[in-house]
Each structure stands twice: as structure tokens, then as C-alpha cells.
Amino acid sequence: MKIKLAMLGFCLVTGAVQAQIYFRAGIGYALPAAQENIGNNESEVVNGNNYYATVEPVKASYGAGINFSVGSGYKFTKVIGADLGITYLSGKTYKTQYDYNEVGFGSEKLDTESKSTGVFFTPAILITPDDKLPYVRMGVVMGMPKIKGTDSYFVNFDGDVQASSDWEQRKNMAFGFQGAIGMQWSLVGSVKLFTEVNFTTMTYYPGEKVSTSYVVNGQNRLDEIEQYFKKTIYKDKVEYGTSINFEEPSEEAQVSIPFSSLSFQVGIVYTLGGIQLE
């Protein structure tokens, strides 16, 4: 009995020593998934008594864009392992536009561009049935992204006015779930090429929206704006009254920002050690 226990302990120790540790790095592009409306492309024309307008909704998910990932993992057996990854997202730029033209009097235009950036941590379980079969990785996603945007105005009713405002939606953690399926191909020694498809489902609830610049006809006038118009705090419940304190940030109901995506990635895996566990 003691001999059997000793042999079992020896197998566990040697198995742990021989278990694989790997490092990976990759680059990919994520397509938007589960998109939601983030604004409209609108056009209005007034010509005397005639009026014409068009409205086209703009749907988006800010999880779309170029992503870079690095990670490391530990395979307990040939089939099961643990993986910890870090992904940087440089999001796709989305645009909305509003045009108003009153023939013979003037016009007004507002263009908005916005995109996301962020670093996300992706702890997961790795399942590798066989070297010749696809692997599966399942886990959670967490990070603190930002949405950065620019509003550009142009008005020429009683004289040309050009203005632009930069803003950020930020603070609060974003949580979601992630699953990937991929394949590996041997290159040389312990180095392999991997390709994978990665699906992420996530929604971000920012804590605030802050103006970072306000330029009118070439002059930065951010310091001239009251705090009420510079900063907005998002809350689950907002109460409004008859009086407004312009020295304090404004409050708005919590907004949700879609971050789901379908990503295609390619990269390199480097493995240390060899696994003998069954």
C-alpha cells in the first residue's frame, strides 16, 4: 500500500514538472456583434414652404476594431489547462452626422466621431482534445475601457462659426464572457502558429462623460464653460428639480454601451516543457 501511494505521489510530482507552460502573442480584427443604435445620420432641407428630411440610424458595437493580445497558460494534462490573457483594443471609428440647410438663409452641421480603447484581462479554461483537433478556450473578460469622441460644429447663418468639442466616457469596470476556438500548426521546435475565432459578449456602463476640450474659431474656451456642461455623472436614478447648480456636474440616467464582437486572430505560441500526463 505504501509503495502504491509513493508511486502515485511520484507520478503527480513528475507530471507537474513535465506539464506544459506556454506563452502566446497575436493580432487580430474584431467585427461588431449585437449592435445597438448609437445615433443617427440626419438631413433636413427647408426651401420656402417645402420641407424634406431623412433619418438613418447608425448601429455599432465598440468592441470592434484592431486587437493585440498576449497571454500565458499552464496545461495540467494533455486536455485541460488554465490561460490568462491581456488584450489591448484600438476600436473602430464610428461617425454620425446632422445637416440642416435653410435655402437662402444658412446651414448648420454637426459631425460626431467616436471610438473605444481599452485593456482587458481574460482568465479562461483551455480544452485541447488532441493536437490535430481544434482547441477551445472559455472564460470571462474584464477591463476599464474608454469611449473617446469629437463633436465638430459648423454654422453660417449670421456669420461662420466653427467649433469642436472632445469628450470621454470613462470609469467603471466592464465585465463579459469570451469563448474561442482555434487550431495550431507546428513551425519549428517549440514554436507553433495559431489561428482562432473569438466571440465576446459584453456591455459597458460608464461612470461619467467629461469634456476635455472646447475650441471655438480656433480658441480653446473650455475654462469658460460651467462645470454643469463639462461633466456628466451617470446614475441608476436621477431626480430633477426647478433649480440647477451650474457649478456642479450634471446627472443623467445610466447609459449602456455595446462591446460584443467576433474576432479573428493569428499569432505565435511558444511552449516550455513536455507533457506526459494522460
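Student: How many cavities of 30 Å³ or more does a search of the whole structure find?
Tutor: Two. A cavity is a set of points on a 1 Å grid over the protein atoms alone, where a 1.4 Å probe fits but cannot get out. This is a predicted model, where local features need pLDDT of at least 70, side-chain atom pairs count only at pLDDT 80 or more, and totals for chains, interfaces and linings use all residues. Residues are numbered from 1 along each chain as its sequence is written, and side-chain values use heavy atoms, with hydrogens and water left out.

Student: How much space lies in the largest cavity?
Tutor: About 290 Å³. That volume is the space filled by probe spheres set on the points, which are joined across faces, edges and corners.

Student: How many residues line the largest cavity?
Tutor: The lining has 21 residues. Asn67, Thr87, Gln178, Asn198 and Thr200 lie nearest the centre. A lining residue has an atom within 4 Å of a point.

Student: Which strand gives the largest share of that lining?
Tutor: Strand 12, with four residues. Strands are DSSP runs (E, at least two residues), numbered from the N terminus.

Student: What about the second largest cavity, how much space is in there?
Tutor: About 30 Å³. Its lining includes Pro123, Arg137, Met138 and Gln178.

Student: Which strand gives the most there?
Tutor: Strand 8 does, with four residues.

Student: And how do the residues of that lining divide?
Tutor: Five are nonpolar, three polar and one charged. Ala, Val, Leu, Ile, Met, Phe, Trp, Tyr, Cys and Pro count as nonpolar, Asp, Glu, Lys and Arg as charged, and the others, Gly among them, as polar.

Technical notes:
1 Å grid on protein atoms, 1.4 Å probe; cavity = no way out; pocket = protein on both sides within 12 Å on 5 of 7 lines; lining within 4 Å.
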